[in-house]
Amino acid sequence: MRRKFSAEEKMAIVLEGLRGKKTIAEICREHGISQGQYYKWRDKFLEGAKTALETSGNSSQAAQYQRKIQELEQIIGKQAIVIETLKKTVIHPGGK
């Protein structure tokens with residue numbers, strides 16, 4: 001029966017291999033996995049790291065979203081004032 005490894009376990013095994021203190025064969029034997037499986041995990045791990053580093057520019061995208069939110073909040077505020085003014089003039093002419 002094959003053992004299921006959590007993401008954390010896979011990451012720990014891959015990092016152990018990347019540290020280079022033991023051979024990949026030793027690590028695989030200790031954890032009961034094939035070297036092919038180790039290299040698949042390693043490749044996915046490194047691809048994920050690459051993606052994370054490439055998308056680190058998301059902070060500027062977050063700043064753009066924040067500016068857009070502020071702009072929309074201002075528009076909503078102005079519309080609320082117009083609505084209240086119209087309610088007073090249409091529903092209660094003369095301000096009463």
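Predicted model: local features only at pLDDT ≥ 70, side-chain atom pairs only at ≥ 80, totals over all residues.
Reader: How much space lies in the largest pocket, and which residues line the largest pocket?

Author: Rolling a probe the size of a water molecule over the atoms shows where empty space is left. Here the largest pocket holds about 240 Å³ of space, and its lining is made up of R2, R3, K4, F5, K10, H31, G32, I33, S34, Q37 and W41.

Reader: At what angle do the axes of helix 1 and helix 2 cross?

Author: Helix 1, residues 7-19, and helix 2, residues 24-31, have axes that come within 9 Å and cross at roughly 155°. Angles over 145 degrees count as roughly antiparallel, so helix 1 is roughly antiparallel to helix 2.

Reader: Is G48 buried, partly exposed or exposed, and where is G48 found?

Author: G48 is found in helix 3, which covers residues 35-54, and G48 counts as partly exposed because its relative accessibility is 40%, a value to be read against the range between 20% and 50%. Between the C-alpha atoms of G48 and Q70, which are 22 residues apart along the chain, the separation is 33 Å.

Reader: Why does P93 count as exposed?

Author: P93 counts as exposed because its relative accessibility is 58%, and the cut-off for exposed is over 50%. P93 is found in the segment after helix 4 (58-90), and its C-alpha atom is separated by 41 Å from that of Y65, 28 residues apart along the chain.

Terms used
Residues numbered from 1 in each chain as written. Heavy atoms only, no water. 1 Å grid on protein atoms, 1.4 Å probe; cavity = no way out; pocket = protein on both sides within 12 Å on 5 of 7 lines; lining within 4 Å. Points joined across faces, edges and corners; volume = space filled by probe spheres on them. Helix = DSSP H or I, 4+ residues; strand = E, 2+ residues; numbered from the N terminus. Buried < 20%, exposed > 50% of the residue type's maximum accessible area, 1.4 Å probe, protein only. Axes fitted to C-alpha atoms, helices over the stretch in contact; angles between N-to-C directions. Parallel < 35°, antiparallel > 145°, perpendicular 65-115°, else oblique.
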